[in-house]
Amino acid sequence: MAPNVTAALTTLCEEDLAKTTSSKPVYKREIVWFNVAVFSLLHIGALYGAYLMFSSAKLLTTFYAFVLYMCSGIGITAGAHRLWSHRSYKAKLPLKIILMIFNTLAFQNSIYEWSRDHRVHHKYSETDADPHNATRGFFFSHVGWLLCKKHPDVKEKGKGIDMSDLEADPVVAFQKKHYKFLMPLICFILPAFAPVYFWGESWNNSYFVAVILRYVWTLHMTWLVNSAAHFFGGKPYDKYMNPSENVMVAWGALGEGWHNYHHVFPWDYKAAELGKYWGNSTTAFIDFFASFGWAYDTKVVSTELIRQRVTRTGDGTHPLWGWGDKDQTPDERDAALITNHLHTQ
Ligand code: ST9
Ligand code: ZN
Ligand code: ZN
């Protein structure tokens, strides 16, 4: 057979195979080079900021950058995440406004967009519909997903997510409507003034340390929840999923690294089982506002429900109900181990 005929037949066969094996068009990754360029520049700026921080910036500027990181982080954790995405507590208007401003300082897209992606992430975790699907690797879940077009499944499945609560929230709607104006102002312009006017810092140091480095640092602390906390750590609540308990991430992400717990019980306002504030400054923040009523209806999970889940699907690393627990009766332990065994069949 002539080579061109063979080639044509092969192509036809491949097309037929593609048609019979899947009715969906084959997904092709599409890199968004504009984002690649912007993130590259931001990272070069952040490295320069780190150099300035250790060479010429005033200590107060570094402290100020740290405070901005904490505030913008809270705008994500207590705001976009625990309040708006999960409705794990309620907030009065003044607290919502504070959280919206902090959230805009973080520039991680509007609360509406962030929450829509996050709700899809929980509902379709580790599938093509998950915007930062961790099965596509560490880099993709960390930042790669922001450097290419979304998988069609994200948009398709995302359409089914109920966003009516956020559409009805005036604070979320206000931020969404004015985001193109508010975000540059609050994240990139206003924060540069304080160091220059209040403690005589240079514009250069102020901009690269308190704006660019602070922004890029906060992004990475957030992204680590999607990457590191989906790869490394124990799974005391459910060993059949990837999200893990990651102490390092918990500290950097203000209490959002207890990710195995969070994916099992996403409605808990602590996003962790821990009752204390160790590695969970966001919970301390919410509790502070709850002490005078600006935060209320905080949802938690009962100890009994947690215990049942730990013994049924945990990997044995839970400090209280893990397999090393001396207080567990032999019956309890056997029951847990049998259930675990059955699950792995
Ligand atoms: C950033 C976000 O960094 C980080 C989020 C991290 C989440 C972490 C979660 C972990 C737990 C919490 C931990 C917090 C820890 C905090 C610690 C703090 C210290 N559903 O997006 P488009 C549709 S952002 C339904 O353009 P493309 C929709 O119709 C960084 N529909 O898709 C949409 O139109 P519209 C700064 C959806 O073209 C249309 O598609 N920001 C959904 O594929 C087009 O959407 C950037 O760098 C959905 N989920 O482009 C921007 N999604 O919106 C980067 C989309 O009008 N992003 N649709 O309704 C982009 O440039 C683009 O989004 C793209 C995709 C290129 C990535
Ligand atoms: Zn996750
Ligand atoms: Zn969540």
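The model is a predicted one. Around ligand 1 there are 35 residues, and those that come nearest are Asn35, Arg116, Asp117, Lys150 and Trp223.

By class, 17 residues of this shell are nonpolar, eleven are polar and seven are charged.

## Polar contacts to ligand 1

The side chain of Asn35 places an N or O atom 2.8 Å from a ligand 1 oxygen. Trp223 also uses its side chain: a polar atom there is 2.9 Å from an oxygen atom of ligand 1. Lys150 contributes through its backbone, with an N or O atom 2.7 Å from a ligand 1 oxygen.

On its own, ligand 1 has 1,400 Å² of accessible area, and the protein covers 80% of that.

## Helices that build the shell

Five helices each supply at least two shell residues: H2 (33-55), H3 (59-85), H5 (111-123), H7 (152-158) and H12 (203-226). Which helix gives the most to the shell around ligand 1? H12 does, with seven residues.

## Arg309 and its partners

Helix H16 spans residues 303-313 and includes Arg309. The Arg309 side chain makes a polar contact with the Asp238 side chain at 2.4 Å.

Setting aside neighbours within four places in sequence, Arg309 touches Tyr237, Asp238, Val264, Phe265 and Gly314.

Note on methods. Residues are numbered from 1 along each chain as its sequence is written. Chains are lettered from A and ligands numbered from 1 in the order in which they are written. This is a predicted model: local features need pLDDT of at least 70, side-chain atom pairs count only at pLDDT 80 or more; totals for chains, interfaces and linings use all residues. Side-chain values use heavy atoms; hydrogens and water are left out. A residue is near a molecule or strand if one of its heavy atoms lies within 4 Å of it. A polar contact is a pair of N or O atoms within 3.5 Å; within protein, one must be able to donate a hydrogen and the other to accept it, and residues adjacent in sequence count only if both atoms are side-chain atoms. Accessible areas come from the Shrake-Rupley method with a 1.4 Å probe; for residues, only the protein chains shown count as cover. Helices (H or I, at least four residues) and strands (E, at least two) are DSSP runs, numbered from the N terminus. Ala, Val, Leu, Ile, Met, Phe, Trp, Tyr, Cys and Pro count as nonpolar, Asp, Glu, Lys and Arg as charged, and the others, Gly among them, as polar. Contact means heavy atoms within 4.5 Å.
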